[in-house]
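Please look over the sequence and the fold before reading on.

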Amino acid sequence: MDLFSKCKNELADQIIAQNIYPYFHKLESKQDVVVTMEGKRRIMLGSNNYLGLTSNPRVISAGVSALERYGSGCSGSRFLNGTLELHIQLEKELADFLHKEAVVTFSTGFQSNLGIISTIVGKDDYIFCDRENHASIYDGCRLSYGTMLRYRHNNMEDLEKKLQSVPLDAGKLIVTDGVFSMGGDICKLPEIVALAKKYNARTMVDDAHGLGVLGECGRGTADYFGLTDQVDIIMGTFSKSLASLGGYMAADKRVVDFVRHGSRPFIFCASIPPANCATAIEALHILRESPELPQKLLDLAAYMRKGFRERNIPIRDSITPIIPIYTRDAFNTLLKAKELYDGGVYVNPVLPPATHPSECLLRTSYMATLTTDLLDEALEIFAEVLERDE
């Protein structure tokens with residue numbers, strides 16, 4: 001059989017023919033609360049730009065200055081010629097902000113999970129993974145030589161059963177999203193930490209959607225629960241609240257140094273470009289100076305949840321700026337996403353394998369720079385589209 005015989009996508013061809021293909025819409029303006037996509041104004045309710053800093057003048061200026069001073073790229077890995085003083089500054093400032101001993105940065109958030117898990121977990125170790133964890137966590141587990149055991153989403157009884165099934169003296173890592181990227185719900189971190197202590201396991205929180213959102217000054221999920229000193233590894237990204245690109249691991253210095261010297265996705269990948277480094281630093285400065293931003297974000301999310309409930313639109317309870325609308329089957333999800341897009345609201349349709357086939361959804365997400373007037377405008381469009389044909 002020819003290797004390329006598999007290179008076809010019948011589903012994509014089908015939905016293109018039906019004019020409900022939802023991917024690769026062209027953005028023609030900055031990532032902001034209102035954008036221009038394919039020549040039309042759209043309210044952006046599909047971005048992870050939680051603090052709205054991608055269009056902040058200070059962030060943009062920091063990137064331009066770094067580009068002029070350091071050039072467009074590093075042309076090498078951090079391990080050799082690719083470490084700038086900016087990388088060291090970012091790591092030190094982030095470690096201080098997160099109240100951890102040390103930080104190591106990666107070129108992307110996805111690579112962070114690959115690099116951390118594959119380095120920490122060996123062939124005789126076990127990983128306990130929430131079923132709704134991000135795909136990068138799953139790939140990190142696969143890249144390691146450990147045994148992955150999945151537990152039912154946020155189900156602590158199932159997690160404990162899985163922990164009981166392996167030797168007490170085996171190396172064990174419990175990995176969970178802090179804020180789950182599709183459902184927007186928060187992990188049960190106090191229970192996870194308690195089980196980790198009981199069964200001699202370590203804990204890792206993927207806080208990609210928690211940084212800038214939860215906790216004092218947006219320090220994330222561990223801070224939100226007052227458990228920063230009891231979570232062993234905190235991972236996160238710069239591509240969301242910090243308005244840039246890259247990822248990080250925060251932990252004890254000896255653990256960070258171990259990963260820094262052994263992680264293949266860290267050693268063999270070019271380092272974060274100067275402009276991205278500088279924009280992440282400046283966004284972190286703004287977050288430090290504006291501790292009210294995360295609360296404003298949560299208040300706007302609460303406003304939107306109230307609006308959805310008043311219009312009998314089915315959503316999942318949480319407090320985070322990720323609000324999924326359950327549209328159930330794939331075709332209906334694609335159709336509603338297209339109707340919303342045509343009506344002037346951009347959202348992300350979520351289909352398998354990112355969700356169960358019967359739980360397809362429209363993933364909406366919010367920014368601290370949105371206004372209630374824009375949210376009211378969007379709510380009316382949601383109501384019109386989602387009530388259509390019912």
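In which sense do strand E10 and strand E13 pair, and over how many bridges? E10 (residues 322-328) and E13 (residues 360-365) pair in the antiparallel sense over six bridges, where strands (E, at least two residues) and helices (H or I, at least four) are DSSP runs numbered from the N terminus, and two strands pair if DSSP finds at least two bridges between them. Ile325 has Leu362 in E13 as its bridge partner.

This is a predicted model, in which local features need pLDDT of at least 70 and side-chain atom pairs count only at pLDDT 80 or more, while totals for chains, interfaces and linings use all residues. Residues are numbered from 1 along each chain as its sequence is written, and side-chain values use heavy atoms, with hydrogens and water left out.

The structure holds 23 salt bridges, each being a side-chain nitrogen of Lys or Arg within 4 Å of a carboxyl oxygen of Asp or Glu. Among them are these:

| Pair | Closest N and O atoms |
|---|---|
| Glu289 and Arg58 | 2.9 Å |
| Glu85 and Arg69 | 3.2 Å |
| Lys162 and Asp158 | 2.9 Å |

Glu85 lies in helix H3 (residues 85-98) and Arg69 in helix H2, so this pair ties together parts that are 16 residues apart in sequence. Lys162 and Asp158, by contrast, both lie in helix H6 (residues 156-164), four residues apart. Asp158 is buried at 5% relative accessibility, whereas Lys162 is partly exposed at 23%; buried means under 20% relative accessible area, exposed over 50%, and partly exposed in between (1.4 Å probe, protein chains only).

Arg42, found in strand E2 (residues 40-44), is buried yet has no salt bridge.

Conventions
Lys, Arg positive; Asp, Glu negative; His and termini not counted.
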